[in-house]
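Grab a pencil and work through these exercises with the structure open beside you. Each one has a task and then a solution that goes step by step.

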Amino acid sequence: MTVDQIASVADRRGSAPAAGPVTSRRHTSIATRRHRAFYMFASPWIIGFALLTIAPMAYALWLSFTTFDGISPRWHYVGFGNYRELFSDAQTWKSLGRTGLFAITSVPLSIIAGLGLAVLVNRPLKARGLFRTLLYLPAVVPPVGAGIAFKQLFDQNSGAANGVLNLFGIDALGWLADPYARYVLIMTVLWTAGNIMIISLAGLQDIPRELLEAARIDGASAWRSFRSITVPLLSPVLLFQTVTGVIASVQTIMPLLLAPDPTPAGITALPQSNYLYMMHVFAEYFAFGRYGYASALLWVLFVLILVATGLIFKATSGVVFYNVDPEAKK
């Protein structure tokens, strides 16, 4: 080995240890860039969530401890006074009871309707894509447009619903007044069953066909396969629809859109069956100008939604089947 070769080997051996810190710094730089890229792409949502959700909720929480009316500067801090009044307000309890009854009625009906439509359009039918599109279209109609359409459809004097009844010799009904107003409200919920249909359809298509074929070979009927295979495997989807359906039902403003006079002055003239909790909040905010009391109502609703969601998860913990390997969670 020549002197030059010995020097070259010595140089390589001497420079080898220095490669470690350089490589470490390179990996650190890559990780830093990745973190920066993540927060850069997530920053619009984070900023929007902070400004449009966290800040308004904090402001409403502060208002709930005051008598602020939105206009007059003469307001003062009342502590838990609004909350004490809330729990002693008969109208609050009545509207909360109607809202609970509406949620218990509308959520199962909408899930059953959406699942039934999903099962129907999941079959090998001709023009299946067209049927799926037509059934989903009502779900993309804005709530204001749907409310106006239903209001015109069930108008007592010129509505198409009473026109059909007149063909059979039945007198016109006051659909938008008690006791029929609640049924029209439920119809508006079923009108958007296409949204549930799409989610249920995705869940149905994720079920392994081998299980259904094995059940059919073993002699299981279509209903038994649906009850013992389809529903258990679809249970996470049904749980999601139940939770989101309950949250949407207690926050609905559709009764206001169906009201004869959808203004702050006319909110108190709503049919009692449609005077739900959010209508009570709307009345306190805009008809009576009690911003502090209405904010307390909203915060109580927020807590009730959290409790209801927790109870739903607790009650369904033993019946929801997640098709995931337990080892994958570790």
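**Exercise 1.** Find where Ala127 is located in the chain, then work out whether Ala127 is buried, partly exposed or exposed.

*Solution.* Keep in mind that this is a predicted model. Start with the location: Ala127 is part of the loop that links helix H4 (90–121) to helix H5 (128–136). Next, check the backbone: phi is positive here, about 55°, although Ala127 is not a glycine. Finally, take the relative accessible area, which is 45% for Ala127. Buried means under 20% and exposed means over 50%, so Ala127 counts as partly exposed.

**Exercise 2.** Is Ser110 buried or exposed, and which residues does Ser110 touch beyond its sequence neighbours?

*Solution.* Ser110 belongs to helix H4. Its relative accessibility is 7%, so Ser110 is buried. Skip residues up to four places away in sequence, and the contacts of Ser110 are Val189, Leu190, Ala193 and Ile196.

**Exercise 3.** Describe how H3 and H4 pack, starting with their axes.

*Solution.* Helix H3 covers residues 81–88, and its axis comes within 5 Å of that of H4, crossing at roughly 65°. On the H3 side, the contact uses Leu86, Phe87 and Ser88; on the H4 side, Ala90, Thr92 and Trp93. Sort these by class and you get four nonpolar, two polar and no charged residues.

**Exercise 4.** Are H13 and H14 roughly parallel or roughly antiparallel?

*Solution.* Helix H13 spans residues 277–287 and helix H14 spans residues 291–315; their axes lie 8 Å apart, at an angle of about 160°. Angles over 145 degrees count as roughly antiparallel, so that is what H13 and H14 are. The crossing of H13 past H14 is left-handed. For the contact itself, H13 brings Tyr277, Met278, His280, Val281, Glu284 and Tyr285, while H14 brings Tyr291, Tyr293, Ala294, Ser295, Leu297, Leu298, Val300 and Leu301. By class, that contact has 11 nonpolar, two polar and one charged residues.

**Exercise 5.** Locate Gly159 and say how far apart Gly159 and Trp175 are, in sequence and in space.

*Solution.* Gly159 lies in the loop between H6 and H7. A relative accessible area of 7% makes Gly159 buried. Count along the chain and Gly159 and Trp175 are 16 residues apart; go C-alpha to C-alpha and the separation is 9.5 Å. Ignoring neighbours within four places in sequence, Gly159 contacts Gln152 and Leu153.

**Exercise 6.** Zoom out: how many helices and strands does the chain have?

*Solution.* The tally is 14 helices and zero strands. Of the 330 residues in the chain, 32% are buried. The chain exposes about 20600 Å², with carbon and sulfur atoms supplying 68% of it. Last, take contacts between residues at least 6 apart in sequence: 65% of them join residues at least 24 apart.

Technical notes: Residues numbered from 1 in each chain as written. Predicted model: local features only at pLDDT ≥ 70, side-chain atom pairs only at ≥ 80, totals over all residues. Heavy atoms only, no water. Axes fitted to C-alpha atoms, helices over the stretch in contact; angles between N-to-C directions. Helix = DSSP H or I, 4+ residues; strand = E, 2+ residues; numbered from the N terminus. Parallel < 35°, antiparallel > 145°, perpendicular 65-115°, else oblique. Left-handed = near helix turned anticlockwise from the far one by under 90°. Contact = heavy atoms within 4.5 Å. Nonpolar A, V, L, I, M, F, W, Y, C, P; charged D, E, K, R; others polar. Buried < 20%, exposed > 50% of the residue type's maximum accessible area, 1.4 Å probe, protein only. Areas by Shrake-Rupley, 256 points an atom, 1.4 Å probe, with all protein chains shown as cover.
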